[in-house]
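Visitor: Hi, I'm new to this one. Could you walk me through it?
Guide: Happy to, let's take a look together.

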Amino acid sequence: MSCEQQLHEKPPASLLASLWGIMDSTKCEPLQGSPEAEDGNIEYKLKLVNPSQYRFEHLVTQMKWRLQEGRGEAVYQIGVEDNGLLVGLAEEEMRASLKTLHRMAEKVGADITILREREVDYDSDLPRKITEVLVRKVPDNQQFLDLRVAVLGNVDSGKSTLLGVLTQGELDNGRGRARLNLFRHLHEIQSGRTSSISFEILGFNSKGEVVNYSDSRTAEEICESSSKMITFIDLAGHHKYLHTTIFGLTSYCPDCALLLVSANTGIAGTTREHLGLALALKVPFFIVVSKVDLCAKTTVERTVRQLERVLKQPGCHKVPMLVTSEDDAVTAAQQFAQSPNVSGESLDLLKVFLNILPPLTNSKEQEELMQQLTEFQVDEIYTVPEVGTVVGGTLSSGICREGDQLVVGPTDDGCFLELRVCSIQRNRSACRVLRAGQAATLALGDFDRALLRKGMVMVSPEMNPTICSVFEAEIVLLFHATTFRRGFQVTVHVGNVRQTAVVEKIHAKDKLRTGEKAVVRFRFLKHPEYLKVGAKLLFREGVTKGIGHVTDVQAIAAGEAQNNMGF
């Protein structure tokens, strides 16, 4: 694996662990790192030997705070002073400190796992160590910690096979057996190529052990046995299905992306395009190199060098870090939250990385979203026997419970229709309460499926949602063969919205060329949509591509939609 950091950034305080053991060999002075950050889920402790009862209660309160900051996960570094000085502890003191840490974890209902130990050359006759410990506790109001990972990469790079191996617990037979369970359509099985979006889950228990479909487990059993769940969003690699891949990235709100690169082909086909999409949409990503067993060592090294060159280019500004050991994987996962992006060849190292990968939003941000009114994006629509109409998507804000009365829209004429949430499922398990940022499927009973479409939203009636057919966006034209003018039609992606729009006006300019910026007015051609100012926007048409954000929406009232669409 390889983890990249912005070239202009200083190493954050939480990366101190990655610098363990780095000493000046002539002076024998320990490395002075950055002081401990007050926010975040990383805690430095010099030692925790026989604390008083008052001190112990204070330490427990501190652990609760760190767990809250990490949404259920915290990392303790024992043997490190608050100012970042790497001192280390003798064996007896370290044993006593870990015993205290275990008592603290028991008090808050958490589990601890030792991630790694390092010796430091401090001014002492006795060997001294620093120990890094993962503390994990599922929040009281959640069933498990949840991370969504979008899987990108060129066609035939092995995306579905990798997910099949990770989630089924069996290696591939070399002819694609591992990926068969992931395919949703007959033509996918026949061609071996993904054309739709599918979801797979990989769990980790409180001790960091993998929980998957091996031993004939069901999805429900995996959820019950896991304290952390990785939901993989398997996206299409073929250029023909690029619109599906873009929809997966914009609509399903992944926490990060896994970019798979085949060692024997390197950066080929849609790899650059997928990398560009992740950068444009600011989705943190890490890179995994596949098929290393099919290539000579020189071929693998050439692919890694090619990746390093691309990642260092001005458009990326990343500093690659090759992960070749479990120690590297731990460092990379911790670094990922501050300066995302990784590449690798070992399946076990990938599991270590995923187990330690922290949430990229803190508890405060989630609490703020939960205080807002309910808004659920409709990404998928199904009909389930004996259940009725079911919609899948992500709760953007608020809280959704069984029995809630919501409104869904906009319809073609700009209206919102009343409905009731009958039941909720997350990762194929029943769930009574859905919170902001979580993905789920909602059963709507006998609500007419024909009235629904992808791109709609389900919101609280109190929200009084506004819709538009005309909106303005500040854009950057990434590529266009000639000039971008008024009247040009593009496919616009904004969140779960995907629709053709026409360019009505380019402010202060007559035309745009590749690399130029402007504020552009768009008009949807088919029906109105629910948009919010500030939402990220991506548009394309053939080789034409651009990104930006919504700056203004021209709200219309229900019933006026047909006139505003020009009908």
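**Around F232 and beyond**

Guide: Leaving aside its neighbours within four places in sequence, F232 is in contact with V149, V151, L163, L166, T167, S198, F199, E200, L202 and L354; contact means heavy atoms within 4.5 Å. This is a predicted model, where local features need pLDDT of at least 70, side-chain atom pairs count only at pLDDT 80 or more, and totals for chains, interfaces and linings use all residues. Residues are numbered from 1 along each chain as its sequence is written, and side-chain values use heavy atoms, with hydrogens and water left out.

Visitor: Which residues have the most contacts inside the largest nonpolar core?
Guide: They are F232, L258, F286, F353 and L354, in a core of 37 residues. A nonpolar core is a set of buried Ala, Val, Leu, Ile, Met, Phe, Trp, Tyr and Cys residues joined through side-chain atoms within 4.5 Å. Buried means under 20% relative accessible area, exposed over 50%, and partly exposed in between, using a 1.4 Å probe and protein chains only.

Visitor: And which helix gives the largest share of this core?
Guide: Helix α10, residues 347-356, with six residues. Helices here are DSSP runs of H or I with at least four residues, strands are runs of E with at least two, and both are numbered from the N terminus. Apart from that core lies another, of 32 residues, including L242, A257, L281 and I287.

Visitor: Switching topic, is N212 buried or exposed?
Guide: N212 is buried, because its relative accessible area is 4%. You'll find N212 in the loop between β7 (210-211) and α5 (219-225).

Visitor: What does the side chain of N212 reach?
Guide: It reaches the backbone oxygen of L166 at 3.1 Å. The side chain of N212 also makes a polar contact with the side chain of S214, at 2.6 Å. A polar contact is a pair of N or O atoms within 3.5 Å; within protein, one must be able to donate a hydrogen and the other to accept it, and residues adjacent in sequence count only if both atoms are side-chain atoms.

Visitor: Where does A332 lie?
Guide: In helix α9, residues 326-336. A332 is buried, with a relative accessible area of 0%.

Visitor: How many helices and strands does the protein have?
Guide: There are 12 helices and 28 strands. Buried residues make up 54% of the 567 residues.
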